[in-house]
Amino acid sequence: MSLVTLLPFIVLIGAMFLMTRSAKKKQQQAANMRDQMQPGSGIRTIGGMYATVKEVNDDTVLLDAGPGVDLLFAKNAIATVLTDDEYNRIVHGIEHDLKSDLVPDDASSLTGTDEPADGTGASDDTSVDLGKKDAAEEPADAAEAKTEAQAEDEPKKTDGGSEAK
């Protein structure tokens, strides 16, 4: 046998080795994450449920899913352990000082003025007319004529009986 015929088999075996190695590495990381779980940690299960760890055993975890709701899960059912900030943001809707993380939309916050740089002085309080009129602005007789025209266009309703004999 020549080296050319063995080369595809060698490449295939090498690819399989690399794939199993990366899968084992991911499994090891997940196991380490589950081992570092402690009571009070916020978690997400593989089913998408968010809860707080109440007690950690060898193969199981007791979770507090709400007032008076304790659930027993297998450790393998824990998808991720969340940071306190992330858990509070998702479950309780508490944002952690996002003002420092935001980038301003315009340069006005950098200069200290609220007016645009072009000097127009336009504000958000002024309304822009887009040519759309409210129903209250329509004349009363025009509104009546419109409803009458719609009533004439609609088919007449009957009780379902046939009048043709």
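Which backbone oxygen does the side chain of Arg34 reach at 3.0 Å? I looked this up and found the backbone oxygen of Lys75, a pair that falls under polar contacts (N or O atoms within 3.5 Å, where within protein one must be able to donate a hydrogen and the other to accept it, and residues adjacent in sequence count only if both atoms are side-chain atoms).

**Ground rules.** I am working with a predicted model, in which local features need pLDDT of at least 70 and side-chain atom pairs count only at pLDDT 80 or more, while totals for chains, interfaces and linings use all residues. Residues are numbered from 1 along each chain as its sequence is written, and side-chain values use heavy atoms, with hydrogens and water left out.

**Overall layout.** I noted four helices and five strands, taken as DSSP runs (H or I of at least four residues for helices, E of at least two for strands) numbered from the N terminus; along the sequence they follow the pattern α-β-β-β-β-β-α-α-α. Of the 165 residues, 11% are buried, a class defined by under 20% relative accessible area, with exposed meaning over 50% and partly exposed lying in between (1.4 Å probe, protein chains only). The chain exposes about 14,100 Å², of which carbon and sulfur atoms supply 55%, the areas coming from the Shrake-Rupley method with a 1.4 Å probe.

**Arg34.** I placed Arg34 in helix α1, which covers residues 3-35. Arg34 is buried yet has no salt bridge, and the nearest side chain of opposite charge, Asp35, is 8.0 Å away; a salt bridge would need a side-chain nitrogen of Lys or Arg within 4 Å of a carboxyl oxygen of Asp or Glu. A polar atom of the Arg34 side chain also lies 3.0 Å from the backbone oxygen of Ile78. Leaving out residues up to four places away in sequence, I found Arg34 touching Lys75, Asn76 and Ile78, with contact meaning heavy atoms within 4.5 Å.

**Ser41.** I then turned to Ser41, in the loop between α1 and β1 (42-45), and it counts as buried because its relative accessibility is 12%. Its side chain has a polar atom 2.9 Å from the backbone oxygen of Gln38. Beyond neighbours within four places in sequence, Ser41 is in contact with Ala51, Thr52, Val53 and Val81.

How values were computed: Lys and Arg count as positive and Asp and Glu as negative; His and the chain ends are not counted.
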